[in-house]
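Colleague: Before I plan anything around this interface, I would like to go through the terms used for it. Please set each label against its criterion.

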Number of protein chains: 4
Amino acid sequence: MNIEAVVAPLAGRQARPGGTIVRAGGVEIGGPAIVVIAGPCAVEDEEQVMSAARAVKAAGARMLRGGAYKPRASPYSFSGLKAAGLALLARARAETGLPVVTEVMDARHLEQVMACADVVQVGSRNMQNFTLLEEVGRCRVPVLLKRGMSATLAEYLLAAEHVLKGGNGQVILCERGIRTFEPSTRNTLDLGAVAMLKRHTHLPVIVDPSHGTGVAWMVPAMACAAVAAGADGLLIEVHGHPTRALSDGGQALTFEQFSAAMTTIAAVASAVGRRLA
Amino acid sequence: MNIEAVVAPLAGRQARPGGTIVRAGGVEIGGPAIVVIAGPCAVEDEEQVMSAARAVKAAGARMLRGGAYKPRASPYSFSGLKAAGLALLARARAETGLPVVTEVMDARHLEQVMACADVVQVGSRNMQNFTLLEEVGRCRVPVLLKRGMSATLAEYLLAAEHVLKGGNGQVILCERGIRTFEPSTRNTLDLGAVAMLKRHTHLPVIVDPSHGTGVAWMVPAMACAAVAAGADGLLIEVHGHPTRALSDGGQALTFEQFSAAMTTIAAVASAVGRRLA
Amino acid sequence: MNIEAVVAPLAGRQARPGGTIVRAGGVEIGGPAIVVIAGPCAVEDEEQVMSAARAVKAAGARMLRGGAYKPRASPYSFSGLKAAGLALLARARAETGLPVVTEVMDARHLEQVMACADVVQVGSRNMQNFTLLEEVGRCRVPVLLKRGMSATLAEYLLAAEHVLKGGNGQVILCERGIRTFEPSTRNTLDLGAVAMLKRHTHLPVIVDPSHGTGVAWMVPAMACAAVAAGADGLLIEVHGHPTRALSDGGQALTFEQFSAAMTTIAAVASAVGRRLA
Amino acid sequence: MNIEAVVAPLAGRQARPGGTIVRAGGVEIGGPAIVVIAGPCAVEDEEQVMSAARAVKAAGARMLRGGAYKPRASPYSFSGLKAAGLALLARARAETGLPVVTEVMDARHLEQVMACADVVQVGSRNMQNFTLLEEVGRCRVPVLLKRGMSATLAEYLLAAEHVLKGGNGQVILCERGIRTFEPSTRNTLDLGAVAMLKRHTHLPVIVDPSHGTGVAWMVPAMACAAVAAGADGLLIEVHGHPTRALSDGGQALTFEQFSAAMTTIAAVASAVGRRLA
């Protein structure tokens, strides 16, 4: 279905022609300033998450990402520190003041995750987990809803509608790459989705170039491209030692790479009439 | 990832070279006989489900399908009768003796669903809902795990591994069409998946030509093709009045169409050295 | 575009509701009998093509395939014997009586190819080489037009319309697998395309399970599935020594495998009310 | 195949680590400055092409695009003015001084096209028309080789290798959108391809956001994103009256829209350390 044919009275642009600003931990997403959210794929240990939090803050990130509950294709892969990981994120927030984004995989963990998260993420694999969408829809927590790997934009807008219908209007959308025939990248980053979503919904739209490519050296260029395409924010994986990362090390920037990228990202933001938050 | 590279010690073919037979309500899936599971997409009312159950039984189906909890892209679409739908399925089973397959969308509904289902279905949108996979893995109920819309066969095998790792070896796989660029059908039925899965796992593999095409008149031909490709069973949508169906009417066979299709399906089964259960 | 929306006054089913039978070298394609076309991917040498021609004939094939002009992704791959390959095909035809199908890659080779071919093939990569379609449209030679790797069925029907508009109504369509996200097979064989094409065009539709999978052991099952889906014929790669083949050896059947497959294919044909030609 | 595994001794980056600059009609593509090529999809009449040429020149375009030979899915669509269209392009070049890019669909037209074109385009549908690639490889004319609709980057690099192997090193690559499951846009623009190609080949890489989206209002944002991603140039469709265009009007910018877009494109170029040519 073409996104133009979707019936989404709550998530559709016409509901709020001026756009929605989502506020989380003092940060505004969807306003004129572009918000960079950065941090490790998974929380691994205290040193790793604390050093990453400090580094991304120093480089200009305004929120910290980090997974405590990690969906993994294989049951034999590292699937996160769970409650202990949430505690480490809370500690990083306490020290750095950065609000935290972390994923919730199951409605039964929601209360626990909300206790330490400023934004709860619903991951790509759960974009059409409708009972989870309904649960976060009943909460008063900002939700970062990632696009499914092969979700059409129409389906994506309707997934957001599930959340809004529950009464929670604080939803951030995130393009994170789609599945195509191309084997050289993990996913194909669909930046046209940013423009198309911005036209058809009032919700903020951010981009995850780390999952969108799966290739660390591509991330800075794709982050710049995302901002040029109109994204309201970026979600970037950063790790102190990518080669030792327990998950997705191949797509993580080092602290230095992230810091260097932020300079160009800021310049591109300025070129399109915006600035970094 | 190529399916040949997958590490799946429990779901991989080598774990049980002779193949697994899943037993549900007296029916064996994965043995020499091909099992046809049929019924409406969604349970709508008593008359609808009872008449469908009788009709599909008379035509040779050995199990009844019907959705009580229905995942729907839009929150404004009919999403099933839920508990009341389960009760109607239980009634249809009591009268016809057909074991029942129905979907579970949320771990919190599992007990309720298991009380009336002989096989619980994990739908395409939940193929990588790992906490749900773990929950059904802890149960002793046969699981029908549908392939995700854009899941690679490697990911699919690993999703089954999640269930088996929990201790539940009674898993049936189901190819139900994948997402491609072709707009003339709802999905593209991937019958090569049947051959590939049969080689790489010992689990039974069935095919859903109704979702696989989304087009009722294509279903009989695709059902025959699925059997010729080596499927252990079929999952077919049948409705007394497809044009009045509350969901997916365009892909449902009438009772007469289903009955006619069963004759050809049986002939093809015989041609490849099998028979209908 | 949905195939139902296509304007194809010549190729559309309504132009010849009863269907078209293409006649080539005494063989009829599109009638009640199913035609198996078999032989090597590429013509390599006299012994190879002669032995393959004899073997496939003995097993029941009614036409010989073999490439003299081979499109190859890399300019460093074997690209066929060209004129010498055509001469070998002519010799194989003379000895076995099997009509020959071979590819034409360029309008400037058309006369030369037609001199030895009973059917000229326009390959997947040239499905929208419109000047080539127009040239074969002006000839009086049967054309085997393969579906492009990512051609929609609407585009495919229109490609046939290009040929028919030139005055040549002797066109055979061939589903040969489409490009998807799945890495375990070379292509994803789209058997729903057979049913959909048969409804929307009067032209014969055959299936190439060799390219459709790229995996030799999958070919017999997929050939049976194609016949069950309604195909009018099969295009199968056979090689005396697949491991020594100069191209696509991984998808070629040995003589013994081909012969064994023909038995099951014949049984499936009979199950759906047809027979092998 | 992953692009890292490709054997392309001529097109691969290692052959010319410093990168190739293609020179056409006094314009350099592949150097520090970004070249914008603009003009109508198809040449329709003198007034249309002349006014477009003047307008795009005034707005900062350095080359003129326009199709005289147009590949069209349907044989009933407008397929270009052919020789008359070439003559009009020559006139536009004479008046404005803009070098001309136009498509060649058939090796037999090559001499005629080269007589009026500074760059000959090989279109997406011909990316694997290997005899055409060989012919342009024998010429001394710059070639704009567009990516096939579902070509992997590995195949694309090898297609360029076909041209270079013939002796013609003046090849420009062009990402123009790939085919995915998303129906809301004509194609999915793959800007990751720009970064990936720039790393693996020394050839200049440009982007066509007009075909890449099929949606005029998306073109300015996607053009900016392409530049931010590292593109060496842009190919943009511009038409005096898009609603009256004989082909692809839905993706053409008006003169005013193009002029406005150029301002932002220039700012983004500057942000990433480049400038418009």
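This is a predicted model: local features need pLDDT of at least 70, side-chain atom pairs count only at pLDDT 80 or more; totals for chains, interfaces and linings use all residues.

Modeller: In it, the side chains of Glu182(D) and Arg147(A) meet in a salt bridge, 3.3 Å from N to O.

Colleague: Why is the meeting of Glu182(D) and Arg147(A) called a salt bridge?

Modeller: The criterion is a side-chain nitrogen of Lys or Arg within 4 Å of a carboxyl oxygen of Asp or Glu. The pair joins an Arg and a Glu at 3.3 Å, so the label applies. The count between chain D and chain A is two salt bridges, and six residue pairs are in polar contact.

Colleague: Which helices of chain D supply residues to the side that touches chain A?

Modeller: Helices H6 (192–200), H8 (219–229) and H9 (255–271) of chain D each supply at least two residues. H8(D) gives the most, with six residues. By type, that side of chain D divides into 24 nonpolar, nine polar and five charged residues.

Colleague: What makes you say that the copies meet through the same surface?

Modeller: Of the interface residues of chain D, 100% are also interface residues in chain A, so the surface is the same. The contact takes 38 residues from chain D and 38 from chain A.

Note on methods
Residues are numbered from 1 along each chain as its sequence is written. Chains are lettered from A and ligands numbered from 1 in the order in which they are written. Side-chain values use heavy atoms; hydrogens and water are left out. Contact means heavy atoms within 4.5 Å. A polar contact is a pair of N or O atoms within 3.5 Å; within protein, one must be able to donate a hydrogen and the other to accept it, and residues adjacent in sequence count only if both atoms are side-chain atoms. Helices (H or I, at least four residues) and strands (E, at least two) are DSSP runs, numbered from the N terminus. Ala, Val, Leu, Ile, Met, Phe, Trp, Tyr, Cys and Pro count as nonpolar, Asp, Glu, Lys and Arg as charged, and the others, Gly among them, as polar.
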